[in-house]
Amino acid sequence: MIIDSHCHAGPGDGLTGPWDSNLALGRYRRRAVAAGIGRSVLLAAFHSDYAAANEALAALVAAHPERYYGFAFVHAARDRGRIHAMVRVAVEQYGFVGIKVHRHDAPISGEICEAARAFGLPVLYDPMGEVHVAELLAAQYPDVNFILPHLGSFADQWQAQLALIDHLVRHPNIYTDSSGIRRFDLLAEAVRRAGPHKVLFGSDGPWLHPGLELHKIRLLRLPALDEALITGDNFLRLIGRGTG
């Protein structure tokens with residue numbers, strides 16, 4: 001089972017760009033199926049009300065539960081005081097299996113980490129290059145697993161990506177995903193130094209082509225069991241559905 005651990009979907013209401021506009025899944029799904037991707041993790045688009053965005057995302061997941069997982073998107077500042085309640089709804093009513101946070105909204109907060117701890121969820125946090133936060137997360141919340149996607153920087157800040165590799169090596173609860181990593185040698189270095197158990201395959205669909213992003217993993221030329229960790233087993237382990 002190949003699992004794309006990073007795909008956006010559902011309504012956005014900002015209309016400043018694709019990232020906060022409505023995200024349809026039709027084209028992405030056709031590409032994912034053609035690439036042999038069996039399941040995908042859906043994350044909401046940027047939205048002024050993440051409770052509403054999560055509810056809409058839940059309908060997409062419920063329509064195809066055999067294909068999609070859901071993560072609850074929360075805003076660290078705007079949702080302050082209600083994050084635990086939002087996550088509870090996402091877990092108990094929607095069946096979501098993780099939390100999504102973005103530095104574009106606000107820095108990750110202790111309230112989010114406490115909610116993740118309470119419900120036993122991984123947190124996908126895009127730090128936008130501010131990868132030093134991994135040191136604090138690892139020290140204060142060692143029992144919570146954090147995925148810092150794009151090797152820490154979608155903007156291709158290679159200094160930040162190099163620094164995140166060090167965090168991956170040193171901290172058992174810090175992970176990354178492969179989505180949008182353009183410097184292939186840094187992806188290869190992350191796998192070599194931190195190990196294939198610290199990297200998840202993700203595409204950042206629907207904007208990036210899932211087949212193209214998956215091919216980067218193939219080009220690592222890893223042993224079959226190591227590749228399987230990246231393309232699905234690591235994610236299943238982080239949500240408590242793995243075999244080891």
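Trainee: Starting with Glu 213: buried or exposed?
Mentor: Glu 213 counts as buried, because its relative accessibility is 7%. Buried means under 20% relative accessible area, exposed means over 50%, and partly exposed is in between (1.4 Å probe, protein chains only). Keep in mind that this is a predicted model, where local features need pLDDT of at least 70, side-chain atom pairs count only at pLDDT 80 or more, and totals for chains, interfaces and linings use all residues. Residues are numbered from 1 along each chain as its sequence is written, and side-chain values use heavy atoms, leaving out hydrogens and water.

Trainee: Where does Glu 213 lie?
Mentor: Look in helix 8, residues 210-218. Helices (H or I, at least four residues) and strands (E, at least two) are DSSP runs, numbered from the N terminus.

Trainee: And what is Glu 213 in contact with?
Mentor: Skipping its neighbours within four places in sequence, Glu 213 is in contact (heavy atoms within 4.5 Å) with Ser 178, Ser 179, Gly 180, Phe 201, Gly 202, Ser 203 and Leu 208.

Trainee: What about His 209, where is that found?
Mentor: His 209 sits in the loop between strand 8 (199-200) and helix 8. With 33% relative accessibility, His 209 counts as partly exposed. The C-alpha atoms of His 209 and Ala 35 are 9.7 Å apart, although the two are separated by 174 residues along the chain.

Trainee: New topic: strand 3. How many of its residues are buried?
Mentor: Six of six, so to speak: strand 3 covers residues 68-73 and is mostly covered.

Trainee: Which way do they point?
Mentor: Tyr 68, Gly 70 and Ala 72 point one way, while Tyr 69, Phe 71 and Phe 73 point the other way. In a regular strand, side chains alternate between the two faces of the sheet.

Trainee: Which strands does strand 3 pair with?
Mentor: Strand 2 (residues 39-44) is joined to strand 3 by three bridges, and the two run parallel. Strand 4 (residues 98-102) is also joined to strand 3 by three bridges, again running parallel. Strands pair if DSSP finds at least two bridges between them.

Trainee: Which residues face each other there?
Mentor: Val 41 has Tyr 69 of strand 3 as its bridge partner. Phe 71 stands opposite Gly 98 in strand 4.

Trainee: How many aromatic pairs does the structure hold?
Mentor: Five. Rings of Phe, Tyr and Trp (its six-membered ring) pair with centres within 6.5 Å; planes under 30 degrees apart are stacked, over 60 edge-to-face, the rest tilted. Phe 46 and Phe 73 have ring centres 6.0 Å apart and planes at 50 degrees, so that pair is tilted. Phe 46 is in the loop between strand 2 and helix 2, and Phe 73 is in strand 3, 27 residues apart. Phe 46 and Phe 73 are both buried.

Trainee: Why does the pair of Phe 71 and Phe 235 count as stacked?
Mentor: Because the ring planes of Phe 71 and Phe 235 are at 25 degrees, with centres 6.4 Å apart. Phe 71 is buried, with a relative accessible area of 1%, and Phe 235 counts as buried at 3% relative accessibility.
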